[in-house]
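Open the model in your viewer and keep the sequence panel beside it.

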Amino acid sequence: MDISHQERPTKGILLRILSGVLFTGMLVCIKAVSDDVPVGQSVFYRSLFALLPIVIFLMIRREFPKALATRRPLGHLLRSGLGAAAMFCSFSAVAFLPVAEATLLAQLAPVFMAIGGVLLLGEKFSLYRAGAIVLALAGMAVLVIPGLNSGADDGRLLGYVLGTLGALLTAGALLTVRRISRTETAGSIAFYFIVVASLAGLATLPLGWASLSHSEFGLLVLSGLFGGAGHIAMTLAFRYAEVSRLAPFEYVALAWPVIADWVLFGIPVSSGFLLALPLMLSGVALAAMEGRRFRQRAK
C-alpha cells in the first residue's frame, strides 16, 4: 500500500545516503582507470557486472524473470539508448573533472526534466520551473567561469560540456521512464537499460580496448557492483520517502565525492564548486517540488 511508503521516511533517507556512497564508489573506480581504459570498455564492464546485484534483487523479490515482460519494447529501447549515451558522457566527464564536479553536474537532470516537461509533455511553465532554471544556470556559471579564466588547457571545459550533456540525456531517459512506467515494472526498466548499455559498450571493441591488469579489472568489476547496488538503493529510497524529504540529503550525497577527491586523488575542493553547490541544488530542489505537484495533480 502507498501509505506504507510514507511510514518509513528514515529508511528512505538512509537508503538515499547509501546510494550516494555507492555511486561515488562507482565513479571513483571509473576515474581511477580512465587514463588507461577507453570509456566504451568501462561502460561495458560497469553495465555487465551491474546485472548481478539487480538480478539477485529481483530474484529475492520473486520478480525474475516475470518482471521482465514488456508491452513497450520501443519505449525501453529509447529509454535505454538515452541512458547509455548519458553513461558514456558522464564517464568521459569524470576523466577530465574531479568526481565532485562531475557528480554536481549530474544533479542537473531534474532541472532539465522540468524544462522537458514543458517542451515535450505540454506541462505548465510555473514559477517553480523558472526558479529552478535560473538557479541552475547561475550555479553552472560560477562553476565553469573560474576554470575558463584560468586559461589551463587541461580538458576541463570539455569535461563541463560532457557532464552537462550527460545530465541532459539522463533527463530525457527519465522523462521516457515517466511515460513507460505506467505499464512497465522498475525491474524491467533497469534490466533492459543495463543490457543495452552493455551492448553499446561492447560495440566499441573494434575501436581498441586496453589489456587490463588485475587491479584495473577489479576496479571495473567493482564499478558495476557499486552501480547496480546504488540503483537498487536509490529506487528503494524513493519508495520509502517522498522526493521533498530526500532533497536536503543531496548535500550529504555530494560530501562523498568531495572526500574521495581529497583523500584518493589529492584534489582539493574548488571555490567555484562551493559557490555553485547551493545554487544548483536549490534549483534541483525547486524542480523536485514541481515534480511532486505534477504527481499530486495526476492522482
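Start with the whole protein in cartoon view. Its secondary structure comes to 13 helices and zero strands. Helices (H or I, at least four residues) and strands (E, at least two) are DSSP runs, numbered from the N terminus. Along the sequence the pattern reads α-α-α-α-α-α-α-α-α-α-α-α-α.

Two notes before you click on. Residues are numbered from 1 along each chain as its sequence is written, and side-chain values use heavy atoms, with hydrogens and water left out. This is a predicted model: local features need pLDDT of at least 70, side-chain atom pairs count only at pLDDT 80 or more, and totals for chains, interfaces and linings use all residues.

**Colour by confidence.** pLDDT is the predictor's confidence in each residue, from 0 to 100. The mean for the protein is 85, and 88% of its residues reach 70 or more. Now select residues 1–6. Here the pLDDT is below 50, and beyond near neighbours in sequence the stretch has five contacts in the model. A contact means heavy atoms within 4.5 Å. Where pLDDT is low, the predicted coordinates should not be read in detail.

**Show the surface.** The accessible surface comes to about 14600 Å², and 69% of that belongs to carbon and sulfur atoms. Such areas come from the Shrake-Rupley method with a 1.4 Å probe; for residues, only the protein chains shown count as cover. Of the 299 residues, 46% are buried. Buried means under 20% relative accessible area, exposed over 50%, and partly exposed in between (1.4 Å probe, protein chains only).

**Select Leu52, Ile56, Ile60, Leu222 and Leu225.** Together they make a nonpolar surface patch of about 440 Å². Helix H3 (39–60) and helix H10 (214–240) are the elements that give two or more residues to the patch. Which helix gives the largest share? H3 does, with three residues. Patch members have over 30% relative accessible area and no salt bridge; like charges are joined within 9 Å, nonpolar side chains (Val, Leu, Ile, Met, Phe, Trp, Tyr) within 5 Å. A salt bridge is a side-chain nitrogen of Lys or Arg within 4 Å of a carboxyl oxygen of Asp or Glu.

**Zoom in on Ile60.** This residue lies in H3. Ile60 counts as exposed because its relative accessibility is 66%.

**Step to Arg62.** You are now in the loop between H3 and H4. Arg62 has a phi near 60 degrees, a positive value in a residue other than glycine. Arg62 is exposed too, at 69% relative accessible area.

**Finish at Pro65.** It sits in the loop between H3 and helix H4 (73–96). A cis peptide bond joins Phe64 and Pro65, with omega about 5 degrees. Most residues other than glycine have a negative phi, and most peptide bonds are trans.
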